[in-house]
Amino acid sequence: MQNYPEAEQIRDILSDANRVVILQADNPDGDSLGSALALEQILHDMGKDPVLYCGVNIPSYLTHMEGWDRVSSEIPHQFDVSIIVDSSADSLFETLAKTKQRQWVAAKPCIIIDHHAVEVTIPYAKVVCNKTAVATGEVIYELAKQLDWGLNIQAKRALAIAILSDSLGLTTEATTARSIHIMAELVEGGVSIAELENRRREMMRKKPELVHYKGALLQRIEYFADDRIAIVTIPWEEIERYSHSYNPSVLVLDDMRLTEKTDIAIAFKIYNDGKVTAKIRCNYGKAIADELAKHFGGGGHPYASGFKITNRRPFDEIKAECIRVASELLDKLEREQNDEVIQHS
């Protein structure tokens with residue numbers, strides 16, 4: 001079990017709090033939602049009044065998680081403490097700033113619980129528990145053990161989903177022995193992985209229209225740098241038409257990585273206001289996603305990352321630069337790997 005020095009500060013801040021707002025960034029995923037739902041259960045059992053917030057709608061592919069519909073885009077006027085999960089970047093709370101709700105959060109004690117172990121850019125955070133772990137759900141589990149927080153079965157299921165989501169079923173390089181031990185303890189506590197996976201699969205069943213659209217996206221994939229880089233571009237018209245049912249990027253990213261010789265898959269979205277976003281996924285042994293995203297002001301994991309550009313820069317320039325930087329990073333990684341082989345031979 002990990003012992004976090006910030007745990008006692010978190011205990012002290014929460015001890016006198018009644019209403020606690022739990023915030024996810026504008027890019028919710030399985031880890032952020034699972035972590036938020038687990039904290040909701042924990043705080044409720046402590047006699048608190050937890051409120052779930054996210055500035056954007058929860059994507060349909062996450063609606064297999066019980067409680068997703070309790071997430072609101074409104075923060076109550078009266079609350080005592082906020083907890084930000086799975087993010088340490090102020091730039092990812094764009095909606096919070098636009099709606100003027102950021103000032104409410106900044107005026108109260110704020111706790112960050114994250115696992116990216118990167119620079120924190122949220123200036124109003126009072127306590128930061130940002131540890132290297134496979135998922136924020138893992139950090140919350142360790143805090144629960146250290147602070148004797150009770151975990152009911154709903155909280156355990158939510159934490160299991162969070163960990164399985166960010167670890168891709170305990171298969172990523174960030175997965176540690178402790179990650180696997182925690183999952184075993186959750187299973188011992190009554191969590192059925194088979195039940196969670198069955199529910200996810202049932203909720204992931206797609207309408208025929210989406211299946212046809214996925215086929216169209218696959219036909220539009222472009223390959224660069226001797227097929228090492230796969231790119232698909234999604235225009236605003238398709239974002240508007242399909243996003244309510246499924247994230248178009250997520251429809252094809254995994255398939256893009258399965259192409260022979262492909263090391264990295266990038267899905268661009270072009271919005272009607274000129275904003276461009278990119279989701280980045282890398283294959284095993286080609287962990288450059290975080291460095292590529294950082295080049296454009298984004299961030300994330302070595303194998304899964306992303307960035308956003310809002311200055312109306314021409315998309316063709318962004319795309320060309322992304323291909324160039326990704327190629328350079330892959331070449332650099334290959335040289336480093338070859339040097340390491342030589343050193344150990």
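Which backbone nitrogen lies 3.2 Å from a polar atom of the side chain of Asn130? The legends below answer this for a predicted model, in which local features need pLDDT of at least 70, side-chain atom pairs count only at pLDDT 80 or more, and totals for chains, interfaces and linings use all residues. Residues are numbered from 1 along each chain as its sequence is written, and side-chain values use heavy atoms, leaving out hydrogens and water.

**View 1. Asn130 in its strand.** Asn130 belongs to strand S5, residues 127-130 (strands are DSSP runs of E, at least two residues, and helices are runs of H or I, at least four, numbered from the N terminus). Asn130 counts as buried because its relative accessibility is 14% (buried means under 20% relative accessible area, with a 1.4 Å probe and protein chains only).

**View 2. Partners of Asn130.** The backbone nitrogen is that of His116. The Asn130 side chain also makes a polar contact with the side chain of Ser88, at 3.0 Å (a pair of N or O atoms within 3.5 Å, one able to donate a hydrogen and the other to accept it; residues adjacent in sequence count only if both atoms are side-chain atoms).

**View 3. The second largest pocket.** This pocket (an open set of points on a 1 Å grid over the protein atoms alone, where a 1.4 Å probe fits, with protein on both sides within 12 Å along at least five of seven lines) has 13 lining residues (each with an atom within 4 Å of a point). Met65, Glu66, Gln154, Arg157 and Ala158 lie nearest its centre. Helix H6 gives the most to the lining, four residues.

Notes: Buried < 20%, exposed > 50% of the residue type's maximum accessible area, 1.4 Å probe, protein only.
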